[in-house]
Amino acid sequence: MLLKRFYDDGLAQASYLVGCHATGHAIVVDPHRDVDIYVQAAASENVRITHVAETHIHADFVSGSRELAARTGAQLFLSAEGGDDWRYAFAAAANARLLHDGDAIHVGNVRLDVMHTPGHTPEHLVFFITDTPATDRAMGVLTGDFVFVGDVGRPDLLERAANMAGTMKAGARALFASLQRFKQQPDYLQLWPGHGAGSACGKSLGAVPSTTLGYERMANWAFAIDDDVEFVREVLAGQPEPPKYFAHMKRINRDGPAILGEWPRPLARGSGGLREVLLAEKAIVVDIRTAAAFAERHALNTINIPFNKSFANWAGSIIPFDRDIHLIDDMENTRALDDAVRALVMIGLERITGYTDAADALDSGETAATSQMSVNALAEHLSRGDVQLIDVRGASEWDDGHIAGAKHIPLGELAERVGELPPGGRIAVHCQSGSRSAIAASILQANGFPDAANVTGGFVEWARQGRPTTS
């Protein structure tokens, strides 16, 4: 038996290739959209992808299952559990085999037994992997977003991301029941989860790539609670705000992602082309250089989302899905541009039409800088009452403590709420440490607030200096 793990750092997401060398058959479980890596890996292992499956309808990336099945001719396997609201709408058109609790998928001599584990989502499945020539007992479980290392999948996304009111407590109770059933399995089972540290699909995911059921029974907080009321309270407490784009991903993956075939190939455009993009074509122009480089000088009316591990999260929350996208970067680092295009496509932002070298963008003649404001300077402005302070942190951060007089607008909501801000006045924006507020300042500048200043050091520095906060 072959088992190969693929991990995408930007999504904190794991997918798996499970194969049978004896027959040359293989299945990919929870593929992302960059399907070339699975095709290449299968070829290198001398197996053919004959099956593709998903544990559930994903919220944090566009699934590659449909794309991979179309590319390879593999049979698609999708959950039929969970009720009508979140059933796969494209299953019939894709000739998918629908899976129920107790079903099995045979991939050569490898068997994947299906268990329905609702909670994170109503349709969620896990797959028990058995190498049948060796034993009739499972070696491990592909747990998807059900059980992670040190945590379990959050049950509130349908309500908080997809606006299905009243579902999160029911999901939490279903998750508790799924865990009670799963706990009856043998301790030796290896667990291969669908996400690692940094994912917003849980609140305290571990960074270790795999674990065992026995270890999680000892160390995972969710396995230590035997009372359903206490579990519901605990699993819903302290969950981070889901990124804004999660609702969009749920709909895409339920209704059927587009089959790309080829990824977008943005065209290079000089400074004249950039002006045309900004003035006539109404594309959203995203400068992916570092916050420091952007703050020093940037093309007017562009926004800054630095290309780093948080890029996909903030791009999905800020960039409209119905607009063309134009990128600016330092072309000495073409790999960053390629990786940024990949990251955008992975979350369904496919309308990437062009790019401009940063040097050309700065030669356009219309440039600006972003003011930086220290915490000391902020305190002086607040004492004089001559600045509007915007806090772009999440709700839980705000509730834990904030600066008196600040207006709370989470970063993902800022672009659509700029109309709430008074025109003409001085604005300062802060987050926890300064990275999100740098993005926020660029959004404000591009939306008619040229003097918006980024508070360096953010709330952390404010609190470190012992300045007053409220909650």
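Helices (H or I, at least four residues) and strands (E, at least two) are DSSP runs, numbered from the N terminus. This is a predicted model, in which local features need pLDDT of at least 70, side-chain atom pairs count only at pLDDT 80 or more, and totals for chains, interfaces and linings use all residues. Residues are numbered from 1 along each chain as its sequence is written, and side-chain values use heavy atoms, with hydrogens and water left out.

**View 1. The loop that holds Asn301.** Asn301 sits in the loop between strand S15 (298-299) and strand S16 (303-304). Its phi is near 70°, a positive value in a residue other than glycine. Asn301 is partly exposed, with a relative accessible area of 46%. Here buried means under 20% relative accessible area, exposed over 50%, and partly exposed in between (1.4 Å probe, protein chains only).

View 2. Asn95 is not a glycine, yet its phi is positive, near 55°. Asn95 counts as exposed because its relative accessibility is 59%.

**View 3. The salt bridge of Arg342 and Asp8.** A salt bridge is a side-chain nitrogen of Lys or Arg within 4 Å of a carboxyl oxygen of Asp or Glu. Side chains of opposite charge can pair when their charged atoms come close. In the pair of Arg342 and Asp8, the closest N and O atoms are 2.8 Å apart. Arg342 belongs to helix H11 (residues 334-346) and Asp8 to strand S1 (residues 2-8), so the pair ties together parts that are 334 residues apart in sequence. Arg342 is partly exposed at 23% relative accessibility. Asp8 is buried, at 9%.

**View 4. The salt bridge of Asp36 and Arg71.** The side chains of Asp36 and Arg71 meet at 2.7 Å, N to O. Asp36 lies in helix H1 (residues 36-44) and Arg71 in helix H2 (residues 65-72), so this bridge ties together parts 35 residues apart in sequence. Asp36 is partly exposed, with a relative accessible area of 34%. Arg71 is partly exposed too, at 40%.

View 5. Arg436 and Glu397 form a salt bridge at 2.9 Å, N to O. The pair links distant parts of the chain, with Arg436 in helix H16 (residues 435-446) and Glu397 in helix H14 (residues 395-400), 39 residues apart. Both residues are buried. Salt bridges that share partners also join Lys407, Glu413, Arg417 and Glu420 into one network.

**View 6. The whole chain, as context for the close-ups.** The protein chain has 17 helices and 24 strands. Its C-alpha trace spans about 75 × 50 × 35 Å along the principal axes. For 471 residues, a compact globule would have a radius of gyration near 23 Å, and the 24 Å of this chain agrees. That radius is taken over C-alpha atoms, and the globule rule is 2.2 Å times the number of residues to the power 0.38. Of the 471 residues, 54% count as buried. Contact means heavy atoms within 4.5 Å. Residues 24 or more positions apart make up 67% of the contacts with a separation of 6 or more. The salt bridges come to 24 in count.
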